[in-house]
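Here are some notes to read alongside the model.

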Amino acid sequence: MKVGVIHHSLNAAGGADRLCLKTIEALKEAGHEVVLATVEPTNWKRVERILGKVVKPDKETSLLPFKLELFGIYMRLLTSFSALKLRKKCDLLINTHGDALPVKADIIYMHYPMFALLKDNPVSTKYSESIFWRAYFAPYEIIQEIIAQKFLEGLILTNSNFSRKAIKKYTGKDSVVVYPPVDIKTFAIATKSEERENLIVSCGRYSAEKNYEFVLEVAEKLREKAKFIIIGSVSGRVSRDYYEKLSQIKRKKKLDNVELLRNVSFGDLLRIYGKAKIYLHAMKYEHFGISVVEAMAAGMVPVVHRSGGSWEDILEAKQGVHGFSYTTLDEAVGIIKKIISDVDLSKEITSRNTEYIYKFSSEAYKRRFLRSIKSLR
């Protein structure tokens, strides 16, 4: 079967892009021919440097011959042109970036309804930080809401029960939870490290919604007790500006116990993960949180905000079983102090997570995804 996969860009090499690549991998392993349609050409060297070795599609088509620095979210609408072409040429059409399009896809992996991003959950994103960015986002918000109400068809998959509730609320459509893929076995390599330092890691692209300012606040309270490393990808002016903002805060507060790393190689990422005890996830109302599961696979104890998919789905809303959650700065600081001082507690949680996290593995994702294709027949 010839399958078309629509994804605006893989170049950020983030969680949604990893999901697209694992979808391609699953389809090819099942014997299907895969055509990937993007807006800009994929920089495969960059993607593999950040994500590790990937399975490429049989063919990739791009609307533009160059990288588009401006109008990032509006690139997603441009995939409508690719969808129209692939709809005619392919037996099955899959939309993995998840925004609604005025072209029917057989399967849509909707990470979260884009037009609902700023409605209920007070997440600080670049679209809520200034009048300029709010004005930039507003037309897309309206367009997405209209398209979702009129054209959203096909089987909708999503990343968590948290996102499923939002999709139902804002589109009236039900969806099926298929947890995004995590390369558990690769990250488990980091567990072979014999000694762990009082090191706290946070990881994800440098973007306002990641709330890394909170990590710096925690680090300020724990100057003498722990070291902090923020690992993030920088792609484009907005992420560069956010990185510089954090660097200025670090310098101003003289946070010598903090490192801000950009675009590290996958090998260096694993090396750092092998030394760290705790993973601090600062984003509120995270839709899922692939980086949280990766950290658990690498032998870290996760500490997440008590909201969203990281809390509800990954930690199953259980305090101290698979990890911990917080709502305030002081609570987060107290939890980290407790984990650092109680070696047996850390070992108990990481041991419990060793088998538990395989429910989020790439293999589990591929099985569930391929079952969803069979359900369409």
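**Notes on the predicted model**

1. The largest cavity comes out at about 50 Å³. A cavity here is a set of points, on a 1 Å grid over the protein atoms alone, where a 1.4 Å probe fits but cannot get out, and lining residues have an atom within 4 Å of a point. Grid points are joined across faces, edges and corners, and the volume is the space filled by probe spheres set on the points. The structure has 3 cavities of 30 Å³ or more.

2. Before going further, some ground rules: this is a predicted model, where local features need pLDDT of at least 70 and side-chain atom pairs count only at pLDDT 80 or more, while totals for chains, interfaces and linings use all residues. Residues are numbered from 1 along each chain as its sequence is written, and side-chain values use heavy atoms, with hydrogens and water left out.

3. What lines the largest cavity? The lining is N95, D99, A100, L101, V103, K104, A105, I108, F151, L152 and E153. By class that gives 7 nonpolar, 1 polar and 3 charged residues. Nonpolar covers Ala, Val, Leu, Ile, Met, Phe, Trp, Tyr, Cys and Pro, charged covers Asp, Glu, Lys and Arg, and the others, Gly among them, are polar.

4. The second largest cavity has a volume of about 40 Å³, and its lining includes S202, C203, K210, Y212 and H281. Strand 8 (199–203) and strand 11 (278–281) are the elements that give two or more residues to this lining, and strand 11 gives the most, with 3 residues. Helices (H or I, at least four residues) and strands (E, at least two) are DSSP runs, numbered from the N terminus.

5. Now for the open space: the second largest pocket has a volume of about 460 Å³. Of its 21 lining residues, R196, G299, S346, K347 and T350 are the closest to its centre. A pocket is an open set with protein on both sides within 12 Å along at least five of seven lines. Helix 14 gives the most to the lining, with 6 residues, and the split by class is 10 nonpolar, 7 polar and 4 charged.

6. On packing, the largest nonpolar core has 35 residues, and those with the most contacts inside it include I200, V218, F228 and L280. Apart from it lies another core, of 34 residues, among them A190, M296, I314 and L315. A nonpolar core is a set of buried Ala, Val, Leu, Ile, Met, Phe, Trp, Tyr and Cys residues joined through side-chain atoms within 4.5 Å.

7. Leaving out residues up to four places away in sequence, A219 touches F228, N257 and V258, contact being heavy atoms within 4.5 Å. F228 in turn has contacts beyond four places that include L199, I200, V215 and L280.

8. Finally, strand 2 (residues 33–38) has 5 of its 6 residues buried, so it is largely enclosed by the rest of the structure. Strand 1 (residues 2–6) runs parallel to strand 2, joined by 5 bridges, and K2 has E33 as its bridge partner in strand 2. Strands pair if DSSP finds at least two bridges between them.

Key
Buried < 20%, exposed > 50% of the residue type's maximum accessible area, 1.4 Å probe, protein only.
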